[in-house]
Amino acid sequence: MIPTVAQCFRLIDEYRMLANIRDHSIIVARIATRLAEELRAGGHQLSVPLVVAAALLHDIGKTACLDSDRDHAAYGREICLAHGLAELAEIVGDHVRFRDNALGVFSEYDVVFYADKRVTHEQVVSLEKREMYILERYGRNDPQRLAIIREHCRSWRLVEARLFAPLAFAPAALVELIDRDPATCDFAGATETMLAEPDKIAMGY
Ligand SMILES: [Fe+2]
């Protein structure tokens, strides 16, 4: 089952997602949606509703895991499974460490994984900026940790190359595309609609 936007926001409330994580998730969802729509326009088979839901819920386990060593991606996967959301569980569970299908093709998973890497907190950034941020925040000047992070970052670039190979615009242009056409992925607006008319929410696809 793929949840609607309204159902995603209900889960976000149920699991008490912090406001900043919620804002981050909305921006990730906007990027992922736009990317999926562009890829679909080029003939690639992708489920936009799956991309939207997985992006909105990719950090559903995070609030509960803050201040602990618990793996928020694994916990997020558990939450999805507990709600019968198996398709989402596969995306949410591997959104931190890249699971390469080794086929050189991409799926909804790659789109959500990549969109998350383009957002630091609530700001859209390049992969280079994101890498610098992660190295600084989690590297602790420890050569071993730094090497592991750099290895992760290589996988981000691999996904970026795969996703953008069929597209006519560069990764840097993604922000302008979203800004130019904000109504298509306005999930913040969707929340307000949901609160006003909970049964009438439409995703637009
Ligand atoms: Fe996360």
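How many of the 10 residues of α3 are buried? Nine of them are, so the helix is mostly covered; a residue is termed buried when 20 or more other C-beta atoms, placed from the backbone, lie within 10 Å of its own, exposed when there are 12 or fewer, and partly exposed in between. The buried set in α3 consists of Val48, Leu50, Val51, Val52, Ala53, Ala54, Ala55, Leu56 and Leu57.

The model described here is predicted, and local features are reported only at pLDDT of at least 70, side-chain atom pairs only at pLDDT 80 or more, while totals for chains, interfaces and linings use all residues. Residue numbers start from 1 along each chain as its sequence is written. The mean pLDDT of the protein (the predictor's confidence in each residue, from 0 to 100) is 88, and 88% of the residues score at least 70. Confidence is highest in helix α5 (residues 72–82), with a mean of 98, and lowest in helix α11 (residues 187–196), with a mean of 51. Over residues 192–205 the pLDDT stays under 50, and the model has 15 contacts beyond four places in sequence for this stretch. A contact here is a pair of residues whose C-beta atoms, placed from the backbone, lie within 7 Å. Where pLDDT is low, the predicted coordinates should not be read in detail.

As for overall architecture, the protein holds 11 helices and two strands, these being DSSP runs numbered from the N terminus (H or I over at least four residues for helices, E over at least two for strands). From the N terminus on, the order of elements is α-α-α-α-α-α-α-β-β-α-α-α-α. Of the 205 residues, 31% are buried. Among contacts between residues at least 6 apart in sequence, 65% join residues at least 24 apart.

The largest nonpolar core has 40 residues; such a core is a set of buried Ala, Val, Leu, Ile, Met, Phe, Trp, Tyr and Cys residues joined through C-beta atoms within 7 Å. Those with the most contacts inside this core are Ala32, Val51, Ala54, Ala55, Val112 and Ala115. Two or more residues each come from α1 (5–14), α2 (19–41), α3 (48–57), α6 (86–92) and α7 (108–117), and α2 gives the most, with 10 residues. Leaving aside neighbours within four places in sequence, Ala115 is in contact with Val28, Ile31, Ala32, Leu35 and Ala55.

Helix α7 deserves a paragraph of its own. Because 10 of its 10 residues are buried, α7 is largely enclosed by the rest of the structure. The buried residues include the charged residues Glu108, Asp110, Asp116 and Lys117, as well as Tyr109, Val111, Val112, Phe113, Tyr114 and Ala115. Together, the buried residues of α7 pack against α2, α3, α6, β1 (119–120), α8 (127–138) and α9 (143–164).

After α2 comes Gly43, with a positive phi near 95°. Gly43 lies in the loop between α2 and α3, and counts as exposed because it has 7 C-beta neighbours inside 10 Å. The C-alpha atom of Gly43 is separated by 9.7 Å from that of Pro166, although the two residues are 123 residues apart along the chain.

Arg140 has a phi near 50° and is found in the loop between α8 and α9, where it is exposed, with 10 other C-beta atoms within 10 Å.

Two further pairs bring together separate parts of the sequence. Glu14 belongs to helix α1 and counts as exposed, with 11 C-beta neighbours inside 10 Å; its C-alpha atom is separated by 9.7 Å from that of Ile60, 46 residues apart along the chain. Leu158 sits in helix α9 and is partly exposed, with 15 C-beta neighbours inside 10 Å. From C-alpha to C-alpha, Leu158 and Gly104 are 9.3 Å apart in space and 54 residues apart in sequence.

Conventions
Contact = placed C-beta atoms within 7 Å.
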